[in-house]
Amino acid sequence: MTVTSSVDSVAGPSSKHEERKVLAGTLVGTTIEWYDFFIFAQLTATLLSPLFLAPLNASNPGLAQILSFALIGISFLFRPLGAIVAGHLGDRLGRKAMLVFTLVMMGAATALIGMLPTYAQIGVWAPILLITLRVIQGFSAGGEWGGAALMAVEHAPLSKRGLFGAYPQIGVPVGMILATGLLFFLNTSMSKDDFASWGWRVPFLLSIVLIVVGYLIRRAVSESPVFKEMQDRKEESKAPLGELIRKHKKAVLYSTMIFIGNNAAGYLLIAFFISYATKTLKMQTPQILLATTLASFGWLIFTLVGGWLSDKIGRVKTFLLGYAIVFAWMIPMFALIDTKDIVLYGVALFVLTIGLGLSYGPMSAMYAEMFPAKVRYSGISIGYAFGAILGGAFAAMIAEALLQGTHWTGSIGIYIMILCVISAVGVLLAGETRGRPLGLSKH
């Protein structure tokens with residue numbers, strides 16, 4: 001039986017100009033979304049507990065830090081809701097509309113965090129308002145990634161899906177570079193007192209400018225050719241979520257498993273290492289932020305390599321190679337970090353980004369190829385959201401709890417190694433997807 005698709009017979013976008021617009025739109029949007037997310041995560045590691053949990057921070061700093069990391073995780077719990085809503089509307093109304101909607105929602109919540117009064121000013125209402133805005137961020141992030149991934153992959157030529165799909169993925173390291181780079185600049189250009197008093201608000205408020213830029217770029221991107229085909233044939237699913245649950249439960253489960261290890265290891269880099277190095281090892285904050293920024297360039301490079309490599313050797317082999325590197329590096333990595341040497345600290349983080357990139361770059365393409373067009377936005381968004389909950393949502397909090405409970409960083413390494421095995425099993429169960437039709441297939 002031969003399967004063909006009108007979409008997959010088209011060699012991607014109609015022009016190089018359109019191709020550049022698509023890649024720029026997916027990259028810029030996810031960069032801004034993750035900049036917003038990472039600013040919060042990194043300030044949680046260094047500053048937000050005394051500002052928003054002041055009484056607890058004074059009496060029990062360790063518990064305050066654990067609860068601060070829990071604030072990162074709370075937003076993840078609302079990602080599935082965002083994925084369900086954006087996925088449903090994205091499968092019925094289009095990918096482009098959801099991209100613009102989620103971008104504006106995330107930016108508004110981030111800017112408002114920069115305007116929040118602290119605990120010293122309004123008491124318990126400060127953490128309550130902070131949690132509310134984090135919920136909005138989580139809802140937005142739940143719908144953002146799926147739309148960006150599909151816009152990139154569904155516009156891609158068949159032989160370059162992995163590479164095109166890596167562009168929304170590199171929004172994560174680019175967003176991290178912007179976040180850590182800006183925090184490094186602020187920490188070195190003002191006093192600690194000024195930064196704690198008002199300087200921490202600057203990165204959140206700058207999100208307003210980035211959102212305007214991202215909005216204009218995303219508005220210029222054309223709708224996905226797969227969704228256009230669905231419109232032309234009037235083939236939209238009336239209830240994408242119901243169809244997804246009835247017919248594609250295994251694909252949702254496998255996509256959830258695939259992401260767990262990468263997301264957990266990534267959130268050590270994003271949040272935990274900064275806290276551990278500055279508060280436990282007593283290393284200098286500017287040095288740690290600079291090392292994290294430099295390591296993020298490795299994450300960017302190897303994410304692109306991962307997408308490209310998956311077009312050459314397949315999604316499964318690329319994922320397994322990435323997870324093997326993360327698994328093997330966990331214990332040596334913590335040994336280098338515990339030397340308190342900033343150069344070895346930087347090396348430890350950079351090598352980790354090799355495995356992170358190879359196990360993240362192929363994700364957009366593989367997820368898109370796992371689901372049929374009518375439920376694709378819902379499927380990949382929900383799988384990604386649940387993978388994030390089980391992976392990165394509470395990874396920093398769990399790592400902090402393991403550290404305080406065992407006083408041995410190797411316990412954190414073992415925790416991540418177990419998650420990498422789970423993800424590798426998910427990859428193997430899903431099987432190779434490279435080359436599957438993405439359009440409405442004719443049999």
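Which residues is phenylalanine 319 in contact with, leaving aside its neighbours within four places in sequence? They are Ile258, Leu358, Ser359, Pro362, Met363, Met366 and Val427, where contact means heavy atoms within 4.5 Å. The views below come from a predicted model, in which local features need pLDDT of at least 70, side-chain atom pairs count only at pLDDT 80 or more, and totals for chains, interfaces and linings use all residues. Residues are numbered from 1 along each chain as its sequence is written, and side-chain values use heavy atoms, with hydrogens and water left out.

**View 1. The whole chain, with 22 helices and 0 strands.** Helices (H or I, at least four residues) and strands (E, at least two) are DSSP runs, numbered from the N terminus. Of the 443 residues, 59% count as buried; buried means under 20% relative accessible area, exposed over 50%, and partly exposed in between (1.4 Å probe, protein chains only). Among contacts between residues at least 6 apart in sequence, 88% join residues at least 24 apart.

**View 2. Phenylalanine 319 and tyrosine 323 in helix α17 (residues 315-337).** Rings of Phe, Tyr and Trp (its six-membered ring) pair if their centres lie within 6.5 Å; planes under 30 degrees apart count as stacked, over 60 as edge-to-face and the rest as tilted. By this rule the model has 12 aromatic pairs. In one of them, phenylalanine 319 and tyrosine 323 are stacked, at 6.4 Å centre to centre and with 15° between the planes. The two residues are 4 apart, about one turn of the helix. Phenylalanine 319 counts as buried because its relative accessibility is 0%, and tyrosine 323 counts as buried because its value is 3%. Serine 423 is 104 residues from phenylalanine 319 in sequence, yet their C-alpha atoms are 9.1 Å apart.

**View 3. Other ring arrangements: a cluster joined by ring pairs, and a charge over a ring.** The cluster consists of Trp145, Phe259, Tyr360, Tyr367 and Tyr384. Elsewhere in this view, the charged end of arginine 134 sits over the ring of phenylalanine 40, 3.9 Å from its centre. A charge sits over a ring if NZ of Lys or CZ of Arg is within 6 Å of the ring centre and within 35 degrees of the ring normal.

**View 4. The largest nonpolar core, of 112 residues.** A nonpolar core is a set of buried Ala, Val, Leu, Ile, Met, Phe, Trp, Tyr and Cys residues joined through side-chain atoms within 4.5 Å. Phe272 and Phe273 touch the most other members of this core. Helix α15 (residues 249-280) provides its largest share, 19 residues. Apart from neighbours within four places in sequence, phenylalanine 273 is in contact with Leu268, Met333, Phe334, Ile337, Tyr345, Leu349 and Leu352.

**View 5. The largest cavity, with a volume of about 90 Å³.** On a 1 Å grid over the protein atoms alone, a cavity is a set of points where a 1.4 Å probe fits but cannot get out, and a pocket is an open set with protein on both sides within 12 Å along at least five of seven lines; lining residues have an atom within 4 Å of a point. Grid points are joined across faces, edges and corners, and a volume is the space filled by probe spheres set on the points. By this rule there are 2 cavities of 30 Å³ or more. The lining of the largest cavity includes Trp34, Phe38, Val172, Trp299, Tyr360 and Tyr384. Helix α15 gives the most to this lining, with 6 residues.

**View 6. The largest pocket, with a volume of about 460 Å³.** Of its 20 lining residues, Thr46, Asn187, Lys192, Phe195 and Thr285 are the closest to the centre. The elements α1, α9 (161-189), α10 (192-199), α15 and α16 each supply at least two residues of the lining.

View 7. Lysine 282 counts as exposed because its relative accessibility is 64%.

**View 8. Glutamine 65 in helix α4 (residues 61-77).** Glutamine 65 counts as buried because its relative accessibility is 4%. Its C-alpha atom is 6.4 Å from that of serine 49, 16 residues away along the chain.
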